[in-house]
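Reader: I have a structure to study and would like to go through some questions about it. May we begin with the way its helices pack?

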Amino acid sequence: MKMIKTEDAVGRVLQHDVTKIVPGEFKGRLFKKGHVIREEDIEPLLKAGKFHVYVWEDTPGLVHENDAAQILIDATCSEAEGLEFAEVKEGKIDVFAARDGLLKVDKEQLLNLNMIDEIMFATLHNNMEVKKGEKIGGTRVIPLMIREELLEEAKKTCNKNLISVKEIKKKKVGIVTTGSEVFTGKIKDKFGPVIRAKVEYFGCEVLGQSIIDDKKEKISEAIMEWFEKGAELVVCTGGMSVDPDDMTPTAIKDCGGELVTYGSPVLPGAMLLLSYLDGKPILGLPACVMYSKRTVFDLVLPRVLADEKLTKRDIAELGHGGLCMDCPVCTYPHCSFGK
């Protein structure tokens, strides 16, 4: 920065906010940092008592914080989907969700970027469900001026997809509920309403629900019938434990798809089953989904609807943060569960 007489500052970049105070009437910002001073600005500055101002002094090899913030946005996420960017303010640019969706953060790329001196980028947690207009990240450099070589290093580190918001698609869903006690009418099905509410929250269409006896052939047939009717996701409930008479896991396997996992490091939700048949997911849900407010289903469903092909590793990674605290007032997804 360089301090110069206000009368000599035309065309220079103001390096600090200028506050205007009119006793009893007004107190606020007259000019913001980064403003290019014009001829008509001189008199208001003088009336505000600013006979000298600090301005940007162009120095080879150094980049102003405002320009640096834009360079970082261009390098990290300018081409990513589902984002909007705020105007640069005090050397910082905030990133917002341009739509409802699933937040994706390249954690390794983010770490590498933040390991570079004098640069920072903060985000919400990876795989969070976010709403349009929600702030999801922000970047800036630490000093007022940063060495150009550090920004060049940042460019080499990033691939312009550090952060994005994927679309959560409105899929057609078939539900298969098993259990002799439900099939015979001895107890009322309580799974169906819960599954419907959770998938319809994302705009999905429930094609229907099949209630099947504990016979694996019938369960397999019901799953295949929903796919034939146009389902893009089949959710199976009931019969998911390791008891000998629980046939749902075997029935799902008998459909001939790719079994990703039977079991997850999440509580509640350890007995999750995930399989893919011709690229379409089949979810076997444990009984906890019926009575617990948040379970593994809430962690997996948005990612499945966003067309992520989940792997065994994806499920295993849920173990860190996979313990729901069962808070009296649930604030999910703004909590530690699944993070």
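**Helix packing, cores and a buried aspartate**

Author: In this predicted model, α6 passes α10 in a right-handed crossing.

Reader: Which residues of α10 meet α6?

Author: The α6 side of this contact is formed by Ile195, Lys198 and Val199. Their partners in α10 are Phe297, Asp298 and Leu301.

Reader: Are α6 and α10 roughly parallel or oblique?

Author: The axes of the two helices are 11 Å apart, and the packing angle is about 40°. Angles under 35 degrees would count as roughly parallel. The angle here is about 40°, which means that α6 is, relative to α10, oblique.

Reader: Which element gives the most residues to the largest nonpolar core?

Author: This core has 34 residues, and Ile195, Leu285 and Phe297 are among those that touch the most other members. Elements giving two or more residues to the core include α6, β19 and α10. With seven residues, the element that gives the most is α10.

Reader: How many residues does the other core have?

Author: Another core lies apart from the largest one, and Val105, Ile119, Met128 and Ile146 are among its members. Its residues number 30.

Reader: Is Asp41 buried or exposed?

Author: Asp41 lies in the loop between β3 and α1, and touches Phe31, His35 and Val36. A residue counts as buried under 20% relative accessibility. Because its relative accessibility is 2%, Asp41 is buried.

Methods: Residues are numbered from 1 along each chain as its sequence is written. This is a predicted model: local features need pLDDT of at least 70, side-chain atom pairs count only at pLDDT 80 or more; totals for chains, interfaces and linings use all residues. Side-chain values use heavy atoms; hydrogens and water are left out. Helices (H or I, at least four residues) and strands (E, at least two) are DSSP runs, numbered from the N terminus. Buried means under 20% relative accessible area, exposed over 50%, partly exposed in between (1.4 Å probe, protein chains only). Contact means heavy atoms within 4.5 Å. A nonpolar core is a set of buried Ala, Val, Leu, Ile, Met, Phe, Trp, Tyr and Cys residues joined through side-chain atoms within 4.5 Å. Axes are lines fitted to C-alpha atoms, for helices over the stretch in contact, and angles run from 0 to 180 degrees between N-to-C directions. Angles under 35 degrees count as roughly parallel, over 145 as roughly antiparallel, 65 to 115 as roughly perpendicular and the rest as oblique. A crossing is left-handed if the near helix is turned anticlockwise from the far one by less than a right angle, and right-handed if clockwise. Lists of a residue's contacts leave out its neighbours within four places in sequence.
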